[in-house]
Amino acid sequence: MECEECHERPATLHFTQVINGKKTEIRVCEVCAKEKGYINYPEEGYSLHNLLTGLFNFDTSKMENHTFQQVKELQCTQCGMTFSKFKQVGKFGCAHCYETFSEKLDPIFRRVHAGNTKHSGKIPKRAGDDLQMKRRLQNFKEELQHLIEKEAFEEAAEVRDKIKALEKRLNHLEEGDNA
Amino acid sequence: MTLEHFMNDAISPWMREEGPDSDIVLSSRIRLARNIANIPYPILAAEEKLADVQRFFQKEYANKSFDQYQAFEFIPIHDLSSIEKRVLVEKHLISPHLTKHTKESAALISENEQVSIMVNEEDHLRIQLYLPGLQLRQTLDKAFEVDDWLEEKVDYAFDEIRGYLTTCPTNVGTGMRASVMMHLPALVMTRQINRMMPAINQLGLVVRGIYGEGSEALGNIFQISNQITLGKSEVDIVEDLESVVNQLIEHERNARNMIKEESSTALEDRIYRSYGVLAYSRIIESKEASNCISNVRLGIDLGIIKNTSRNILNELLVLIQPGFLQHYAKKTLTPKERDVLRASLIRERLQLEK
């Protein structure tokens, strides 16, 4: 079918207009649709950024519906970023936003990072001493679980001792911080 | 200001050394995104805040040296002419983003141009480090050293669960983008690259042409990088990337050998024609130039063209860019004028090899 406006290009878009209860159907090509203002495209076209914000919106829509009544718009107390603004621009305003929007982030991260929501990688050196210990502790605990399942009790006992030692050191560190 | 030396050479000093697999891999790069705790990100921060950040890095790091990286030059982007900005972007020393979004952005670039630290980019800090050829692990180790060096004086925005907190959710976690620049002319000639791209994308990696718009890869140069930054450690990400790159290298080598065996005269013809165009043309557009440069480089790698250094590819590809041409001419040029100057610079550069 050819475009009803220019009669040159094939009609690829189909609009239904209702004016004063009267329904008219229009079949046009993309160029004419743009010219006549049936559709609005941003000038630079569809960027990765649009794609991302699209993902955010899609993913959180369900959650929002049922939390909408109870929760007012989430807003970061540090930088003023609201959750709807965040969805729109696809960027955080500051580090605190991560905390503010915390409960809504997992589905977004899962989509962007192939199902992952937790960091496993470098930890800042200076700030990270006890974090690094916690990470090791976590690894030992997983190992312990694994060994118990395999009924390798002797090795499990060794790992258990390591866990105890680490926990002791961590407690010391935290007490030291408070002192 | 010693900005001049960054401007005058199209090729960065570190590129002059040859890295592993340098017949195919031009460079390895690691980029780390970092933010300073308790300061809003550049997209939202007040100008005074960003000016503070800029001043801090100027005071603490300008003209400092670390390890083998000598005399970091502190360059406020605001002070650059538009042509100078373009040259730094064309040399990949700074990102286009850095030149556009805030008045308070700056770059710290090491003398050998191997390390550049962008200040007030999308994140407060973008650390990038290059090595020639395929050596992602080494690049990662070195980038970590620079990261630790900065961290001595900076509190990073970091969370135990989410990792390094970045402006864009696509960078959170490691904040790392590892990438490899590859010259893949034979995979393009045999059209294999189109079949391989979707498979590579499925592995969470991105392939894109650089120097070119959209999907077009001028000069048959591709950049392969990781997409995922959360949930996998930097080392795992780099190893996955490296294994894919190694496969691409193998396929490219096989394709090169196949073309050489099955259509050697046609290949030689193509390479020598390209050489002829570069050596004798008086007007040349960047697209044609890039293709010819790619062919000549392939000729060098296959031993068909002798006594010409491999570096000529990296060098010419920067030399023929609009910003660099205009910097060389010391004035703004129309596209036509650029085509003439481009042809003349390429001829001169080829003469040097003789």
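Student: Which are the buried residues of α12(B)?

Tutor: This is a predicted model, where local features need pLDDT of at least 70, side-chain atom pairs count only at pLDDT 80 or more, and totals for chains, interfaces and linings use all residues. Residues are numbered from 1 along each chain as written, chains are lettered from A in the order written, and side-chain values use heavy atoms, without hydrogens and water. Helices are DSSP runs of H or I with at least four residues, numbered from the N terminus, and buried means under 20% relative accessible area with a 1.4 Å probe, protein chains only. In α12(B) the buried residues are P322(B), G323(B), F324(B), L325(B), Q326(B) and H327(B).

Student: At what angle do α12(B) and α13(B) pack?

Tutor: Axes are lines fitted to C-alpha atoms over the stretch in contact, and angles run from 0 to 180 degrees between N-to-C directions. The axes of α12(B) and α13(B) are 10 Å apart, and the angle is about 85°. That makes α12(B), by the 65 to 115 degree range, roughly perpendicular to α13(B).

Student: Which residues in α13(B) do P322(B), L325(B), Q326(B), Y328(B) and A329(B) meet?

Tutor: Good follow-up! Contact means heavy atoms within 4.5 Å. Those residues of α12(B) meet, in α13(B), R338(B), L341(B), R342(B), L345(B) and E348(B).

Technical notes:
Buried means under 20% relative accessible area, exposed over 50%, partly exposed in between (1.4 Å probe, protein chains only). Helices (H or I, at least four residues) and strands (E, at least two) are DSSP runs, numbered from the N terminus. Angles under 35 degrees count as roughly parallel, over 145 as roughly antiparallel, 65 to 115 as roughly perpendicular and the rest as oblique.
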